[in-house]
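Hi there,

Here is the structure I said I would pass on. Have a look at it first, and then read my notes below.

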Amino acid sequence: MNSLPLVAPIFPAGREPLPPGFSEEEREQLLQAQKYQGYMTAGMESCVAKTVIAGGGGFAIGAFFSLMSSSFAYEDPLLRPQPPAGQSMQQKASEIFKEMGRGMWRSGKGFGKVGALFAGIECVFESYRARNDMVNPIAAGFVAGGVLARNSGPKAAFGGGLAFAAFSAAIDLFLRRETPDDD
């Protein structure tokens with residue numbers, strides 16, 4: 001093939017060279033896999049997907065934290081609520097598990113709401129600004145903190161926004177830090 005030096009070769013669509021280890025018979029499968037990979041990438045870059053994943057992850061973490069903390073609540077017999085007299089061991093255990101489930105649901109909803117709210121707002125800011133820098137999490141933290149504290153008045157909403165912005169800035173600085181090379 002005669003080609004000009006320093007010019008990238010041009011191939012017709014669907015006839016590009018195959019990666020090493022693939023035969024011509026596997027081209028259709030490769031193109032199909034690349035198509036679905038593009039769909040998955042587009043889905044994971046959408047704000048809806050990020051919000052749903054953050055909400056689900058927040059729900060799971062909140063439920064897990066509640067499960068761990070409720071297990072400590074039953075260690076101290078003075079702090080735990082006393083069940084009514086005359087219940088069998090199975091009825092007592094059932095009541096304990098129901099209370100743990102209610103706590104897990106309550107805590108999971110709260111964590112899920114916070115995670116979904118923050119991730120959704122941050123994704124919208126990032127999409128609007130077309131940048132991925134420290135401004136997005138700080139601004140999203142301020143808005144999310146204000147929304148979460150809105151029922152307590154404007155002063156509390158402003159304070160909640162500042163606190164959430166500072167927290168999200170600290171977390172983002174920690175996650176974006178340069179790790180030392182182990183060369």
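To start: is Ser70 buried or exposed? Ser70 is buried, because its relative accessible area is 12%. For that word, buried means under 20% relative accessible area, exposed means over 50%, and partly exposed is in between, using a 1.4 Å probe and protein chains only.

Before you go further, keep in mind that this is a predicted model, where local features need pLDDT of at least 70 and side-chain atom pairs count only at pLDDT 80 or more, while totals for chains, interfaces and linings use all residues. Residues are numbered from 1 along each chain as its sequence is written, and side-chain values use heavy atoms, with hydrogens and water left out.

Ser70 sits in helix α2, residues 47-73. (Helices are DSSP runs of H or I with at least four residues, strands are runs of E with at least two, and both are numbered from the N terminus.) The side chain of Ser70 reaches the backbone oxygen of Leu67 at 3.0 Å. That is a polar contact: a pair of N or O atoms within 3.5 Å, where within protein one must be able to donate a hydrogen and the other to accept it, and residues adjacent in sequence count only if both atoms are side-chain atoms.

Ser66 is found in helix α2 too. Ser66 is buried, with a relative accessible area of 9%. A polar atom of the Ser66 side chain lies 3.1 Å from the backbone oxygen of Gly103.

Salt bridges

How many salt bridges does the structure hold? There are five. A salt bridge here is a side-chain nitrogen of Lys or Arg within 4 Å of a carboxyl oxygen of Asp or Glu. The general idea is that side chains of opposite charge can pair when their charged atoms come close.

- Glu24 and Arg27 are one of the pairs, at 2.7 Å from N to O. Glu24 is partly exposed at 41% relative accessibility, whereas Arg27 is buried at 11%.
- Arg102 pairs with Glu99, and their closest N and O atoms are 3.1 Å apart. Both lie in helix α3 (residues 89-129), three residues apart, which is about one turn of the helix. Arg102 is partly exposed at 39%, and so is Glu99 at 34%.
- Asp133 meets Arg129 at 2.8 Å, N to O. Asp133 counts as partly exposed at 23%, and Arg129 is partly exposed at 25%. Salt bridges that share partners also join Glu95, Glu99 and Arg102 into one network.

Out on the surface

Which residues form a positive surface patch? They are Arg106, Lys109, Lys113 and Arg150. Patches are made of residues with over 30% relative accessible area and no salt bridge, with like charges joined within 9 Å and nonpolar side chains (Val, Leu, Ile, Met, Phe, Trp, Tyr) within 5 Å.

Arg150 is exposed, with a relative accessible area of 53%. Ser152 has its place in the loop between α4 and α5 as well, and Ser152 counts as exposed at 59%. The C-alpha atoms of Ser152 and Phe72 are separated by 31 Å, and the two residues are 80 apart along the chain.

Happy browsing!

Conventions. Accessible areas come from the Shrake-Rupley method with a 1.4 Å probe; for residues, only the protein chains shown count as cover. Lys and Arg count as positive and Asp and Glu as negative; His and the chain ends are not counted. The place of a charge is taken as NZ of Lys, CZ of Arg, CG of Asp or CD of Glu.
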